[in-house]
Amino acid sequence: MRVIADFHLHSKYSRATSKEMEVETLARWAKKKGISLVGTGDFTHPTYLTELRSKLEPIGNGFLRLKKEDQGVQFILTAEVSNIYNQSGKTRRIHTLLFAPSLEAAQAVSSKLGTLGKISSDGRPIFGFSAKDLAKIVLDLSPDAC
């Protein structure tokens with residue numbers, strides 16, 4: 001089976017991103033472009049996660065679809081996190097794309113990251129710890145996702 005996907009997206013809650021970047025718009029444009037699987041982007045942002053919960057419904061295996069106006073496009077929960085930290089005397093800047101297997105897992109990741117930094121100021125939050133520490137946090141929260 002052939003799947004055309006785009007996982008690196010941002011919502012209207014990320015800096016320098018269109019205010020039209022909502023799941024309905026993503027689905028409409030994905031359909032026009034022949035993309036069948038789209039990342040939601042920015043599930044770590046609390047307001048956006050609330051919107052995702054109200055607009056999407058699970059269809060199994062970690063995939064979701066619009067509750068209304070189904071465009072035949074499926075979604076997967078994604079977010080990008082920026083880690084800026086010092087290691088071995090050098091500043092490291094790493095962007096990591098996160099995938100969540102469910103809305104509950106996305107909520108757990110968002111809640112945990114909210115205790116470690118300000119996640120409501122930008123859809124792509126910035127943290128001062130390493131990408132390795134980020135991976136450990138995410139895996140500790142959702143060990144069955146691997």
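Asn 61 is exposed, with a relative accessible area of 76%; exposed here means over 50% relative accessible area, with a 1.4 Å probe and protein chains only. Colleagues, the model is predicted, local features need pLDDT of at least 70, side-chain atom pairs count only at pLDDT 80 or more, and totals for chains, interfaces and linings use all residues. Residues are numbered from 1 along each chain as its sequence is written, and side-chain values use heavy atoms, leaving out hydrogens and water.

Let me stay with the backbone. Most residues other than glycine have a negative phi. Asn 61, although not a glycine, has a positive phi of about 55°. Asn 61 sits in the loop between strand S3 (56–60) and strand S4 (63–66); strands are DSSP runs of E of at least two residues, helices are runs of H or I of at least four, and both are numbered from the N terminus.

Ala 16 is likewise not a glycine, and its phi is positive, about 60°. The loop between strand S1 (5–6) and H1 holds Ala 16, and this residue is exposed, at a relative accessible area of 91%.

I turn now to the largest pocket. A pocket is an open set of points on a 1 Å grid over the protein atoms alone, where a 1.4 Å probe fits, with protein on both sides within 12 Å along at least five of seven lines; lining residues have an atom within 4 Å of a point. Which helix gives the largest share of the lining? Helix H1 (residues 23–33) does, with five residues. The lining includes Asp 6, Trp 29, Lys 33 and Val 38.

Key. Buried means under 20% relative accessible area, exposed over 50%, partly exposed in between (1.4 Å probe, protein chains only).
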